[in-house]
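Subject: Structure handover

Hi,

Here is the structure I promised to pass on. Please have a look at it first, then read my notes below.

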Amino acid sequence: MRIKSFVRFYFSLGLAALLLTAAACSSSKQNSQYFGKNTPPEGQVLRYISGAEPETLDPHPMTGQPESRIAAALFDGLVEYDEKTVTPRPSLATSWDINSNGTVWTFHLRKDAKWTDGTPLTAHDFVYSWRRAVSPELAAPYASMMYESIKIDNAKAYGEKKAFVRDPATGRFLTEGDLERAGEHGPLTFTGAPPINYNQLPTQQAQTNTSTSPAPAQTSATTGGNSNDASVPKVALKDPYFLLPSDEEERNKILNGDPAKKTQPNHKLAHFLEGKEFVAATKENMGVRALDDYTFEVTLEAPTAFFHKIILHQFFRPVPRQAIEKYGDALWVKPENIVTSGAFKLTEWTPYEKIVVERNPLFWDNANTKLEKIIFPSIEELVTGMNMYKAGEIDATQSNEVPPPWRNQIKATSKDYVYGPYLQTEYVAINTNIKPLDNPKVRKALSMAINRQIITDQAPGREPLTAFTPKMDGYENAEGAGYNPEEARRLLAEAGFPGGKGFPEIEIVYNTSESTKQTMEFVQSMLKRELGIKVELTNQEWRVYLDNTRSDKMKFNGLARRGWIGDYVDPNTFLDLMTSASTNNGTDWKDKKYDAMLLAANAETDPQKRMKMLHDCEAYMISQQPIIPLYVGPSSLMRKPYVRNLEANLLDQHNWRGVYIDHNWRESEPAAPVALAPLLDTRAFPAIARLFYTGLR
Amino acid sequence: MSRPPIVERIPTDDPNAPVEKAVGPAPPGIVAAQQKINTPEAMAADQLYGTAPPDDSTWQEAAGGIVKGTSLWKDAWKRLRKNKLAVMGGIVVLIILVATLLGPLIIKAITGYTYDFIPSDPALVKAMPPTWAHPMGTDTQGRDILARVLIGGRISLMVGIVSTAVSLVIGVTYGAFAGYMGGRIDNLMMRVVDILFAIPYMMLVIVLLALFEKSLLLLFAALGAVSWLTMARIVRGQVLSLKNQEFIEAARSIGVPTWKIIFRHLVPNTLGPVIVYATLTVPSVMLQEAFLSYLGLGVQAPLSSWGTLAAEGAQNMAIFPWMIIFPGVTMALTLFSLNFVGDGLRDALDPQMRKV
Amino acid sequence: MLSFIIRRLLIIIPMVVLVITIAWVLIRLAPGNFYQTQKGLPPAVEKNIRAKYGLDRPWYVQYGKTMWAIFHGDFGFSRKYQEQTVNEILWRSIPVSATLGVTAYLIGLIVGSLLGTLAALKQNSALDYSTMAAAMLGISLPNFVLGPLLILIFSLTLYWLPPARWEWAVRFGPVGIPSLRYMLLPAITLSALYMAYIARLTRSGMLEVLRRDYIRTARAKGLSEKTVVLRHALRGGMLPVVSFTGPALAFLVAGTVVVERVFAIPGLGNYFINAALNRDEPLLLGITAFVAILILLFNLLVDIAYAYIDPRIRY
């Protein structure tokens, strides 16, 4: 009796599980063409998942993608995204001029732009905003975008609290070039002109400065100063000022050595600088100025061809001085305090629930804004987002909201899965400091052992990647070595590890996430199968992983998973990552030649020539193989059929002004519904049932 | 052999202790016992209302005598064997245990699949529903789920058993001691438990991982660090109530050492809730292991555990249901069976059921 | 008793300070920083950030400042959610977590203790087996499986209930009455585990108590079975459940991550996990302090409940 009930009990347990899943899965047959319900919201309202709870809505401290999309709705920029191509389209700036050597950009602003509090938006707002973005007091994590990615004059000196060195006798300033020319023993002559005070207009400045105008731009490479390699291209740049920390204590640590960090005193420098003055860089020295209320001028240290593309980024959009000074850096973004300039204004922000933005009637192009309201619910879990989408509570999602294992299925069954190219790459960084990975041959062998096809087959739209940058308009990608196991084994043998013999065990560190885990498991099994290398997978919590893969720590034994999503549509957003100055490419690969090549390419003003040079940079880098490139991810989003003008684009950024809800969408639908395979493979059920029965008999 | 009724000899700390308040002044059971003290019926009654085993061997041992006759455990074992449900459960657990140990080898011998075998043919690298080659289907990488479930059982069962053991040993001892000592010692010991409850566990694990080499031992330490806390509180609660009962006071009055009172008299009487809670600990640590894997402490991919398989399966529930059904059913089967064993064990060890 | 309660209330203060201190130390020992991004930071920017948050000061200055502010009830601004103070976050999300947690626990307690008692009274009957089987199902179905399963059935197949989110039906300041439609699925998901635990613990506690002499006495006195069970047996039989309730309820009120994430509920549990993951020191300390107070308070209540259940218990 007891045993019988026991058996019956297990049987009913199995049956219950079966029924539950069967019930759960029958839903898939409800809609053969689309994923879930298709009832548009009332009126012109869009409910869009932009990801997790935003950290902030202040464009300057902002670092995440979810909030950047919301910022694009709230804050207008000099230029605005084109929905399809995400290239810059004039917005606050109606036009711009570039001087002959590409270092001075002058933006002509529209005169009808207003903040939501009614005050006009002028060039002074830009000057204030860009200075704030760099200011050491705000300490924005992306501050270096203004002086590493693009080199705004003296922005680095201001942002990093540096001081110029002045010779009180001549009033001249010390430059890098001066020190180089002085050699070991001098004499040291100061040749730099005083740093420009950008609060003064150029005409006045010309008067005050003509007498002391600097010697014409020196020819010197800013990086690789000691390098005598003839192949390193030299770039014509302004001879940069020599900078020291403005804080006296810090400065003395450099000059006299720091016992705490055991750095040696720099006697030569200390001797040279005896009796000289240190002039702290101020915000006025930063190369931004308002020529008049509606003309904004930016002075760069080096010509930067992609400047107009990078300023699409929310970091370059103006912030309201009046609100920030009134409420402070933290509180001005509260819904009751915030002042914005974009097509939408913030009306509600309930953290961890939703952000609601509504049409801004003061917006200069309000007539062309179509949506009345956008609701951004904050959703942490992908599956939760998908559930809400399916239930018809969401109209569109950010890219990659569909969990990767679902995508092939969803693509086959649902027309509302939209995907296109994306500036997202997945790669494995190689710790080039440890043996035997310091050998490019070994690195190449690792890369050639990866069959990228298997990884790209896992989700629609993935493209195999053999070099570093995704496809971009006008840019020809470099090609690295693809899948070639024989050649890989040959290279490994050549490096001294035939058949993987004697190859030390290495690890792949990766951050915890289902899809990266899957990819890393593929890499591991391929390295094992093709090369006989033992690889251990180590997953780490995100911050631990970031910390361990920092270039000043490099605490991992072998390989590290990396992914990168471009900030703007230009190869530089990727290539920049591999320079010596980059702190976060996970490889610690430093190559002076590469740095100089990239610098030269970005200084090139002829776009075609520049793209060719960038291609050479990428080709050179991949010839050294500091990374194992894997794939380019697609931008893939769920979009209900009634949502218009919202595209899967390269950056997954949107121009919200054009998006609208088409309430008559059914009329434009093809009449006969296409018969599509059901979401669930029902062949599974007989097999499951069989298993239960046989197990019980 | 004959001994006076316990009730009369209790030297209470508190003269006003409401010993029998709940049931009135003259419980008929006690009266009966007092009257017929030497009959076998009275002996049985003694043990019944004594709620504890003040049985002969204990008394003899307490008096320095030699232990003879059936011990608690021997007796329990006898009764456990008679409980068919428990035996069935035990057999299922055993089968699963053997399957996790030998299963992966057998599968490899027959089909060639291992838990980390990813087919080299790209067409096979996808989730496939159950077939004869893959009775539980494959996961999204085309790996055999049966092999993964079996290998996953190793770590999950190990984690379950070790953590439950830790919870039993530390939790029961700690809780019983705190409860029995009472007063300041109890207060201090329980505040330590409260603090362990309150410190952010996730931070603790992250720090543990940073300070120590990642290892199985560290995993057990991380799981063990918290799994005994609730157990300690439950045991303490039971002991607080038990320690004022007559048989304990009696034992104390005749000078039985503290540790013996705790382990011989108090702990056996808490076994009911203890065993139930211990069987409940097993699933919770199995799932907690999956959480620790997320932080990098549990099993490392491509190795699996039931917790990680369930977590993976739950994500793909709507699309690849077999990814959750099979690991889930295996886990449920194990837990159910373990539970039947636990219930049987509880019944077998129940001091009041001994002569029933 | 009163002096016992007062002593135990007073001890909360040093205990919370101790717990906060431990959390403070842990966050410093943990690798990684709140400001690290995938992009990487130039050393100078990192230095600016550290200076902005006072992380360049000696540890005792940082500790002193933090504790001083906390003594004044100010945990400061969250590091990750930069324009929100910790107090603001706690004030907003505790009501949500507490409402959900207490509701789920009450469901679990009522259903669980009822089933457990019935099972104990009819030991080894069909009712006993089916109840305990259901309880085991509740335990072996982790809430990250049960939640999505319920959503699949009730929200995405039958379209009866919303699949996620939280709405208040009526609001009174920070608290309110939640909308039942939104709360039903998460509350059931959350209660399943506790229901199962409580059912099993009640059953074992009741089995123990039902054989005690005072129950026999009560029955012998001729009291009705109902009175025996409800007035006498249930009290002692619930002892293990009461012990379990202290920490369990504290953690439920403080929010549970899985359910909050699956159902996108703006509760404290999600913040807790994110605070730890983001090394968000002020937020972590704030929530830790709250959890510590809850645990100490609930365990005090449990101890008081013991004395009520068993009058012989003295402290």
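I start with helix α2 of chain A. Helices (H or I, at least four residues) and strands (E, at least two) are DSSP runs, numbered from the N terminus. Buried means that 20 or more other C-beta atoms lie within 10 Å of a residue's own, with C-beta atoms placed from the backbone; 12 or fewer is exposed, and in between is partly exposed. The buried set runs Pro66(A), Glu67(A), Ser68(A), Arg69(A), Ile70(A), Ala71(A), Ala72(A), Ala73(A) and Leu74(A).

Before the rest, some ground rules. This is a predicted model: local features need pLDDT of at least 70, side-chain atom pairs count only at pLDDT 80 or more, and totals for chains, interfaces and linings use all residues. Residues are numbered from 1 along each chain as its sequence is written, while chains are lettered from A and ligands numbered from 1 in the order in which they are written.

On confidence, the model scores ipTM 0.90 and pTM 0.85. Chain C averages a pLDDT (the predictor's confidence in each residue, from 0 to 100) of 88, and 100% of its residues score at least 70. Within chain C, helix α3 (residues 59-71) is highest at 93, and helix α8 (residues 213-220) is lowest at a mean of 80.

Now chain A as a whole. It has 21 helices and 22 strands. Of its 697 residues, 51% are buried. Two of its helices, α13 (residues 440-448) and α15 (residues 485-494), pack at about 155° with axes 8 Å apart. Axes are lines fitted to C-alpha atoms, for helices over the stretch in contact, and angles run from 0 to 180 degrees between N-to-C directions. α13(A) and α15(A) are therefore roughly antiparallel (over 145 degrees; under 35 is roughly parallel, 65 to 115 roughly perpendicular, the rest oblique). Their contact divides into 7 nonpolar, no polar and 4 charged residues. Here Ala, Val, Leu, Ile, Met, Phe, Trp, Tyr, Cys and Pro count as nonpolar, Asp, Glu, Lys and Arg as charged, and the others, Gly among them, as polar.

Chain B has a helix pair too. The axes of α5 (residues 84-110) and α6 (residues 145-181) of chain B come within 8 Å and cross at roughly 140°. That makes α5(B) oblique to α6(B). Residues in contact (C-beta atoms, placed from the backbone, within 7 Å) include Gly103(B) of α5(B) and Gly153(B) of α6(B). By class, this contact has 10 nonpolar, 3 polar and 1 charged residues.

Chain C comes to 13 helices and 2 strands. Its C-alpha trace spans about 80 × 55 × 35 Å along the principal axes. Buried residues make up 58% of its 315 residues.

Last, where chains B and C meet. The contact takes 57 residues from chain C and 56 residues from chain B. On the chain C side, α1(C) gives the most, with 9 residues. That side has 40 nonpolar, 9 polar and 8 charged residues.

Best wishes

Key:
Two residues are in contact if their C-beta atoms, placed from the backbone, lie within 7 Å.
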